[in-house]
Amino acid sequence: MQGLLQRRVKYRFDLRAPTSIRSWLAEARQEVKTLLESDWGAVMCTEAKLPSLGMLLVEWRGAHLPADVSICAPVSHPEPPPLAYDVPVKRVDVCVEPIAPVFPPSEYVAIYIPSVKAFGRITLRRDYAVVKYRGLLFVTEARHGPEPRGGVELRLARYRCASYDLGEALKKLKRILYTRY
């Protein structure tokens with residue numbers, strides 16, 4: 001996976017009249033949450049500290065693929081000046097970006113498959129599964145081993161809502177994607 005550029009999915013919200021990000025969020029936060037949950041087949045854990053809006057736990061074959069949801073324009077990430085949220089803007093961009101799990105899983109889901117290649121766009125690393133889903137590379141904790149009847153037993157993680165450090169999660173994701181182990 002060396003040389004891959006990690007991407008994110010951007011949702012653009014054009015506002016009827018110039019409005020501050022704070023007041024827009026007061027009205028539209030639930031609408032954004034509902035849109036993302038239905039679009040991704042996920043559960044969104046909301047966050048109170050801007051520019052982060054929370055974490056998206058994308059359902060994939062019984063497991064969770066974690067992603068960060070943040071306002072990515074017109075403010076900079078991770079720490080724009082506090083006044084940036086009170087300035088009127090004409091549009092707001094919300095980005096969904098995969099992150100590595102930096103919190104323990106709540107449980108593992110066991111899946112029995114004839115072979116890893118037959119399972120889809122997945123690469124197994126030491127303690128992680130790298131999953132290509134909707135054009136993005138997600139990471140989830142995974143355990144794998146032989147299945148007595150033949151094939152592979154794959155145990156994929158499910159997570160609960162938890163707070164996380166975005167910088168640490170992105171560094172860990174990069175380390176997992178760019179190292180061979």
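This report walks through the predicted model of one protein, from its overall layout down to a few single residues.

## Ground rules

Because this is a predicted model, local features need pLDDT of at least 70 and side-chain atom pairs count only at pLDDT 80 or more, while totals for chains, interfaces and linings use all residues. Residues are numbered from 1 along each chain as its sequence is written, and side-chain values use heavy atoms, with hydrogens and water left out.

## The big picture

Let's start with the parts list: the protein has two helices and 10 strands. Helices (H or I, at least four residues) and strands (E, at least two) are DSSP runs, numbered from the N terminus. If you read along the sequence, the order is β-α-β-β-β-β-β-β-β-β-β-α. The C-alpha trace spans about 60 × 30 × 25 Å along its principal axes.

Of the 181 residues, 44% are buried. Here "buried" means under 20% relative accessible area, "exposed" means over 50%, and "partly exposed" is in between, using a 1.4 Å probe and protein chains only. The accessible surface comes to about 9,800 Å², and carbon and sulfur atoms hold 52% of it. Those areas come from the Shrake-Rupley method with a 1.4 Å probe; for residues, only the protein chains shown count as cover.

Now for contacts, meaning heavy atoms within 4.5 Å. Take the contacts between residues at least 6 apart in sequence: 66% of them join residues at least 24 apart. As for charge, there are 28 positive and 19 negative charges, and their mean positions are 7 Å apart. Lys and Arg count as positive and Asp and Glu as negative, while His and the chain ends are not counted. Each charge is placed at NZ of Lys, CZ of Arg, CG of Asp or CD of Glu.

## The bent helix

Helix H1 covers residues 21–40. With 20 residues, a straight helix would reach 28 Å at 1.5 Å a residue, but the end C-alpha atoms of H1 are only 24 Å apart. The expected span is 1.5 Å times one less than the number of residues. H1 also has a kink of about 60°, centred on Ala 28. That bend is the angle between axes fitted to the seven residues ending at a residue and the seven starting there.

Ala 28 is also one of the buried residues of H1, along with Ile 21, Trp 24, Leu 25, Val 32, Leu 36 and Trp 40. Just after H1 comes Gly 41, with a positive phi of about 60°.

Most residues other than glycine have a negative phi, and most peptide bonds are trans. Here are some exceptions. The bond from Leu 50 to Pro 51 is cis, with omega near 10°, and Pro 51 sits in the loop between strand E2 (42–46) and strand E3 (52–60). The bond from Ala 73 to Pro 74 is cis too, with omega near 10°. You'll find Pro 74 in the loop between strand E4 (63–73) and strand E5 (88–98).

Two arginines have a positive phi. Arg 61, in the loop between E3 and E4, has phi near 50°. Arg 61 is partly exposed, at 46% relative accessible area. Arg 134, in the loop between strand E8 (128–133) and strand E9 (136–146), has phi near 55°. Arg 134 is partly exposed as well, at 42%.

Pro 105 lies in the loop between E5 and strand E6 (107–113) and is partly exposed, at 22% relative accessibility. Its C-alpha is 7.2 Å from that of Arg 160, 55 residues away in sequence. Not counting residues up to four places away, Pro 105 touches Glu 141, Ala 157, Arg 158 and Tyr 159.

His 144 belongs to strand E9 and is partly exposed, with a relative accessible area of 42%. Its C-alpha is separated by 9.3 Å from that of Ala 110, 34 residues apart along the chain. Leaving aside neighbours within four places in sequence, His 144 is in contact with residues including Leu 124, Arg 126, Val 152 and Leu 154. Then there's Ser 163, in the loop between strand E10 (152–158) and helix H2 (166–178). Ser 163 is exposed, at 62%, and its C-alpha is 9.2 Å from that of Val 102, 61 residues apart along the chain.
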